[in-house]
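These are my notes on a single protein chain. I went through the fold summary and the charged pairs, and wrote down what I looked up.

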Amino acid sequence: SSAAYAAFHVRLGEDSLHIARAGSGREYRYDDVERIERLELHNPAWFRKLFFWVLMFSFLSGKGASSSSVGTYFLSEAAAYTGLALYFKDGHIQYIWITDALGNVLLPGYENIVRVLQGHGVPYHVTDKVIEKFLPLP
């Protein structure tokens with residue numbers, strides 16, 4: 001829900017990272033983190049293609065398409081959340097989304113998370129990895 005993303009907090013401790021959302025929170029020990037990666041989240045390809053064809057059929061039908069539907073198509077095509085993926089030794093992955101779909105920073109100071117984890121020996125990789133989902137799930 002929107003409340004889960006609006007009420008998001010990260011606290012860096014001496015030997016652990018605490019991530020809190022509306023109604024829940026969890027402590028993650030730095031020693032348990034295997035690696036951290038920077039990645040992106042896009043709308044699913046099938047959705048972008050479907051949206052394109054709906055827009056094209058609207059044009060071909062002679063009814064045209066409103067400027068708002070064309071704008072919405074371009075926004076859905078360009079939407080890209082940027083985030084960090086924390087990979088844990090037990091196989092668990094925790095995502096921390098640092099920008100919204102338009103590239104606005106949601107988590108100021110996110111670089112500190114990377115810096116602290118690197119200081120504890122956790123490797124950091126900037127990747128070309130893209131996850132395709134509708135929402136930036138935690």
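Is D15 buried, partly exposed or exposed? I looked up its relative accessibility, which is 38%, so D15 counts as partly exposed. The classes I used are buried for under 20% relative accessible area, exposed for over 50%, and partly exposed in between, with a 1.4 Å probe and protein chains only.

Ground rules. I am working from a predicted model, where local features need pLDDT of at least 70, side-chain atom pairs count only at pLDDT 80 or more, and totals for chains, interfaces and linings use all residues. Residues are numbered from 1 along each chain as its sequence is written, and side-chain values use heavy atoms, with hydrogens and water left out.

Fold. I listed 4 helices and 7 strands for the protein chain. Helices (H or I, at least four residues) and strands (E, at least two) are DSSP runs, numbered from the N terminus. Along the sequence I read the order α-β-β-β-β-α-α-β-β-α-β.

The protein chain has 138 residues, and 36% of them count as buried.

Salt bridges. I applied this rule: a side-chain nitrogen of Lys or Arg within 4 Å of a carboxyl oxygen of Asp or Glu. The count comes to 4 salt bridges.

I then returned to D15, which forms a salt bridge with R29, with the closest N and O atoms 3.1 Å apart. D15 lies in the loop between β1 (9-12) and β2 (16-21) and R29 in strand β3 (residues 24-29), so this pair ties together parts that are 14 residues apart in sequence. R29 is partly exposed, its relative accessible area being 38%.

R29 also forms a salt bridge with D31, and here the closest N and O atoms are 3.4 Å apart. I have D31 down as partly exposed at 44% relative accessible area.

Another entry is E34 with R35, whose side chains meet in a salt bridge at 3.1 Å, N to O. E34 is partly exposed at 41% relative accessibility, and R35 is partly exposed at 24% relative accessible area.

Which residues do shared partners join into one network? I found D15, R29 and D31, joined by salt bridges that share partners.
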